[in-house]
Amino acid sequence: MFSHYITTFLLVSAIADYLYKNDRMQGSDAMSAAIEAGAMYAPRVRQNREYWRFLTAGFVHFSLWHLLMNMYVLFQIGPSLEGGLGHGMFTLLAIGSIVTGNLLQYIGDSRSTVSGGLSSALYGMMGARIVFFARAYGLQNILHSSSMIQTILLNLVMNFLPGVGWRAHIGGLSFGIILTTILVR
């Protein structure tokens, strides 16, 4: 795991931000604490030019369950992708997916919601895996892979749950597919 130091950095950063957010909740509500911890919040980006939120929102998680689910998925797919892509390309994939996902969330946010989580990076990683699978076995064989279909369907259904930032997921997935298609041979 420690040879995959970008995956480890992402894990540790998300956990540290979660602990920071929980510490900030003393005397404050959860959404205010999340904004303070770096969550995506369009009014702050527009009014205060807090563009760093496009990145920091990827590390803000709203519950222990949210954090644990994202860390589990990262722990499952991060090391193999980092090993296969190399540290530099994996960093570009993760950071690019976070930023692209949060940018799309920002553009489509008419209600000024508070959003965050590492899901945009995870969707970018899933996009990269889809490209690798399609190259290795052919695009048509994705339909014959029960594990790939189950993963895709589960993630599609999850996007219809209340409070899920589907725009960020689509942005991360798109970035992962495009980056891997163009830069990885």
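This is a predicted model: local features need pLDDT of at least 70, side-chain atom pairs count only at pLDDT 80 or more; totals for chains, interfaces and linings use all residues.
Local features need pLDDT of at least 70 and side-chain atom pairs count only at pLDDT 80 or more, whereas totals for chains, interfaces and linings use all residues. Residues are numbered from 1 along each chain as its sequence is written, and side-chain values use heavy atoms, with hydrogens and water left out.

The secondary structure of the chain comes to nine helices and two strands, taken as DSSP runs numbered from the N terminus (helices: H or I, at least four residues; strands: E, at least two). Along the sequence these elements follow the pattern α-α-β-α-α-α-α-β-α-α-α. The radius of gyration of the chain is 16 Å, which agrees with the value near 16 Å for a compact globule with 185 residues; the radius is taken over C-alpha atoms, and the globule rule is 2.2 Å times the number of residues to the power 0.38. Along the principal axes, the C-alpha atoms fill a box of roughly 55 × 35 × 30 Å.

Of the 185 residues in the chain, 44% are buried, where buried means under 20% relative accessible area, exposed over 50%, and partly exposed in between (1.4 Å probe, protein chains only). The chain exposes about 9,900 Å², of which carbon and sulfur atoms supply 67%; accessible areas come from the Shrake-Rupley method with a 1.4 Å probe. Among contacts (heavy atoms within 4.5 Å) with a separation of 6 or more, 72% involve residues 24 or more positions apart.

Two packed helices are described by the angle between their axes and the distance between the axes. For helix 1 (residues 5-24) and helix 6 (residues 87-107), the axes come within 9 Å and cross at roughly 35°. The axes are lines fitted to C-alpha atoms, for helices over the stretch in contact, and the angles run from 0 to 180 degrees between N-to-C directions. In this contact, Tyr-5, Ile-6, Thr-7 and Leu-10 of helix 1 meet His-87, Phe-90, Thr-91 and Ala-94 of helix 6. The residues divide into five nonpolar, three polar and no charged, with Ala, Val, Leu, Ile, Met, Phe, Trp, Tyr, Cys and Pro counted as nonpolar, Asp, Glu, Lys and Arg as charged, and the others, Gly among them, as polar.

Rings of Phe, Tyr and Trp (its six-membered ring) pair if their centres lie within 6.5 Å; planes under 30 degrees apart count as stacked, over 60 as edge-to-face and the rest as tilted. By this rule there are three aromatic pairs. The ring centres of Tyr-51 and Phe-54 are 6.5 Å apart with the planes at 10°, so this pair is stacked. Tyr-51 is partly exposed at 46% relative accessibility, and Phe-54 is buried at 10%. The rings of Phe-133 and Tyr-137 are tilted, because their planes stand at 50°, with the centres 4.9 Å apart. Both residues lie in helix 7 (residues 119-137), four residues apart, about one turn of the helix. Phe-133 is buried at 18%, whereas Tyr-137 is exposed at 52%. Tyr-51, Phe-54 and Tyr-106 form one aromatic cluster.

Val-131 is also placed in helix 7 and is buried, at 9% relative accessibility. Not counting residues up to four places away in sequence, Val-131 touches Ile-177, Thr-180 and Thr-181. Arg-49, in the loop between helix 3 (42-48) and helix 4 (53-56), has a positive phi near 55° in a residue other than glycine. Arg-49 is exposed, at 59% relative accessibility.
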